[in-house]
Amino acid sequence: MLKSLQAIEAYREGRLQPSAGPAWLNLIVSAEMPIVNLERVESLQELDQRNPVLDYVERSLRLLDSLQLSYWIKELAEETLIWSETAKGGTPRQRRRWQEEGLNCFAHNIGSAQLYWQHTAEETFEVAGRPQASALRAAGVPDAETLVIVHRLIETHGLLGQQIRGEVPPEVNRPLAVIMEEGLLTADELERLLFALNHCIIGAVSPVLWQDVRSEIMELIAAVTSGEPAEPLPMKERLRRMRSGPILRGEDFAAEWSRLEQEGLPAERLEELQPATFWYAESALQTFSLEQFLKVLALAARSSSGGNSSNGNGNGLGHLSFEAVMNSIYYDYKGTKKINVYKKRIIEKYLSGLSWRDIAEGKLAPGNPHLVHKLRRQGHLPDTVFFDFEFSPAAEKLIEFCMEAEKSVLYERAVLMLFDLFELRRDAFDRFHNEDSYLSQMNDTADYKSVILDYITGSTVLDIGPGGGVLLDLIEERMPGVTPVGIDISSNVIEALQQRKAREGRHWEVLQGDALNLKEYVDAGRVDTVIFSSILHELYSYVPMDGRKFNHRTVAAALTSAFEVLAEGGVIIIRDGIMTEPETQQRRIRFLEENGLEWLKRYAEDFAGREIQYQVLSEQEVQMPVNDAMEFLYTYTWGAEAYVHEVQEQFGYFTPSQYEAFIREHLSGRAQLEVFRHYLQEGYTEALRGRVNVMDEDGNGVPLPDSTCFIVIRKGQAAD
């Protein structure tokens, strides 16, 4: 067994105090704050119980111990591995002292090489310099060649893997070739050593990952040992590699890049980042869209000449760190590491408010004062830029409140306050923690939506608010020759659909657009069918018209917008909520769940669509107008996790006679109502069984009224 492994085992078993052990072990185990890439951490809580850096070093050493290598190669590799993570260790006091001494605690490969030099070389040589074997030999330093080899290997620790990920330019591995040029190792020796090291470095992260990249690592090692200068990698290719995760999930990098260039993406400006090493970019930004990712990098590119740095000293950009973003974007949600979607949604809105021209001119995003981006440099690291998003103290407290409120009945109110503070629209930003399940539930409505196919006319179909894409799938699969296009204002929905389209080889199209202005996205008179499937009530609830939400004029604008782009003979298909008539009917609701009445009281306070009226008859029973009762029960059906969103929506906004009159008023005599029916959507009765009893005014059980309408409007010639 390797001596280093024996030391780690002795420490874990309590037989060795770190202060009495080797210096590298003392540095690693003395860390009071884990400095770790959170990309592969399952739960942040686990960082409180273990030292992930020591765990990683031990895994890499056990891999090394299992390899069949010459004694000399294994000895060099062991010395490299035990020192390569030391700059992540040390107490806060030690780390401050290291910085004062000129050690780079941020770039751990550089800082670890400096620490190795500090603990093993003669004091007469500078810690921050790059040692030369000839100078050491001339000074009579023992084992000069070994010291220099290990120093270079620590200095380039992990960089071949980072080169594959696009995080570093190829030239950062130049110190490896210098080992051969100085005659310290032959090309064959260096090749065997690098292969063993990278097997341990990458395999300790994931054995599967090592198998995936093994051939690429061998190619890069061959390039290093060939002695040929490294060819620079185009910045676009480096960025594509940094998007490997989103690409696997379906991101069409090439198509998106082309689209963004047409919209003003300053690709030439991103080339200024070519010399930089990226730290934590993938783990911090992988869940953002390509456009958002590139906007962040374009903001960072402005600092490459020092023009946007805090010290303004004009230093070039050698390192770009997103560590602060990474540390703030993750948190524990019910024991599992999750993206902090509260912050993510706010950052997404912030970036959407920045045009490419704004970024080039250094303008801040307009509007909300509670978030800005920051680019900082530190005096002892003049070539390093630290990127972060800075929330106001009030915003940070409110986000913390939302996270804490997840455990209580206050959650929905906390999130509503967050929506208000940052002016988030629900139709632009989908659910927080249940977005995936919500889109899945929308896809489960295929049976209801398949009825729509019977009324589709022509070959060009717009699906407004496509959600999870179930209707797009149905049209593509069952109606050859029809081109379905999904239009949604939500960048999150469009991004998810684009990725699914790429993964599954779908042929439908999606585009981000506003349902109230369809003629800005499609030519008037060229669309055969426009579908509003359970979307008009959301527009009614979330989109203000004349400064007021819950406005029938919003529905009028949506229908008029659709009618304008319809071809002659085209149809609008509506599937949405409906109110009951006569509206004067009363219903008694008896709650069968202990907290049912509290739900109603909270709902009546939070719902902004209209005043919800109810009369308490007993501890578990109320009497209400029928439409108020149903509006509440629609939200009650979805449960606690969806409450924060459902309470903002009014599902029924017209009775049948009101709806028909409204259509005729706003679409003129050219609108022909071909189908108008209403029904109780299957599932509500079953979902409420065992939770409430619904009765008439005399206490007799009655069925639920119709919940949903189905309307087909054809565009025809005006009546004479």
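Reply: Contact here means heavy atoms within 4.5 Å. The model is a predicted one, and the answers below should be read with that in mind.

Me: Which residues of α8 meet α10, and how are the contact residues divided by class?
Reply: The axes of α8 and helix α10 (residues 174–181) come within 8 Å and cross at roughly 160°. On the α8 side the residues are I149, R152, L153 and E155, and they meet P175, L176, V178 and I179 of α10. By class, this contact of α8 with α10 has six nonpolar, no polar and two charged residues.

Me: Is α8 roughly parallel or antiparallel to α10, and what is the handedness of the crossing?
Reply: The axes of α8 and α10 cross at roughly 160°, and angles over 145 degrees count as roughly antiparallel. α8 is therefore roughly antiparallel to α10. As for the handedness, the crossing in which α8 passes α10 is left-handed.

Me: How is α6 oriented relative to α8, and which residues make the contact?
Reply: Helix α6 (residues 108–120) packs with helix α8 (residues 144–155) at an angle of about 155°, their axes being 7 Å apart. That angle makes α6 roughly antiparallel to α8. The contact is formed by T146, L147, V150, H151, I154 and E155 of α8 together with N109, S112, A113, Y116, W117 and T120 of α6.

Me: What is the handedness of the crossing of α30 and α31, and which residues make the contact?
Reply: Helix α30 (residues 596–606) and helix α31 (residues 626–638) pack at about 115°, with their axes 11 Å apart, which makes α30 roughly perpendicular to α31. Their crossing is right-handed. The contact draws on G596, W599, L600 and Y603 from α30 and on E631, F632, T635 and Y636 from α31.

Me: Which element gives the most residues to the lining of the largest cavity?
Reply: The count comes to five cavities of 30 Å³ or more, and about 70 Å³ of space lies in the largest cavity. Its lining includes T80, L153 and L176, while the elements that give two or more residues to that lining are α9 (159–164) and α11 (187–203). The lining has seven nonpolar, five polar and no charged residues. The element that gives the most, with four residues, is α11.

Me: What is the volume of the second largest cavity?
Reply: The second largest cavity is lined by residues including I578, M579, E631, Y634 and D706. By class, its lining divides into five nonpolar, three polar and two charged residues. The volume of this second largest cavity is about 50 Å³.

Me: Where does P582 lie, and what kind of peptide bond joins E581 and P582?
Reply: Most peptide bonds are trans. P582 lies in the loop between β11 (566–577) and β12 (586–591). With omega at about 0°, the peptide bond that joins E581 and P582 is cis.

Me: Where is the place of S534, and what is the value of its phi?
Reply: Most residues other than glycine have a negative phi. S534 has its place in the loop between β10 (527–533) and α28 (536–542). Although S534 is not a glycine, its phi is positive, at about 55°.

Key. Residues numbered from 1 in each chain as written. Predicted model: local features only at pLDDT ≥ 70, side-chain atom pairs only at ≥ 80, totals over all residues. Heavy atoms only, no water. Axes fitted to C-alpha atoms, helices over the stretch in contact; angles between N-to-C directions. Parallel < 35°, antiparallel > 145°, perpendicular 65-115°, else oblique. 1 Å grid on protein atoms, 1.4 Å probe; cavity = no way out; pocket = protein on both sides within 12 Å on 5 of 7 lines; lining within 4 Å. Points joined across faces, edges and corners; volume = space filled by probe spheres on them. Nonpolar A, V, L, I, M, F, W, Y, C, P; charged D, E, K, R; others polar. Left-handed = near helix turned anticlockwise from the far one by under 90°.
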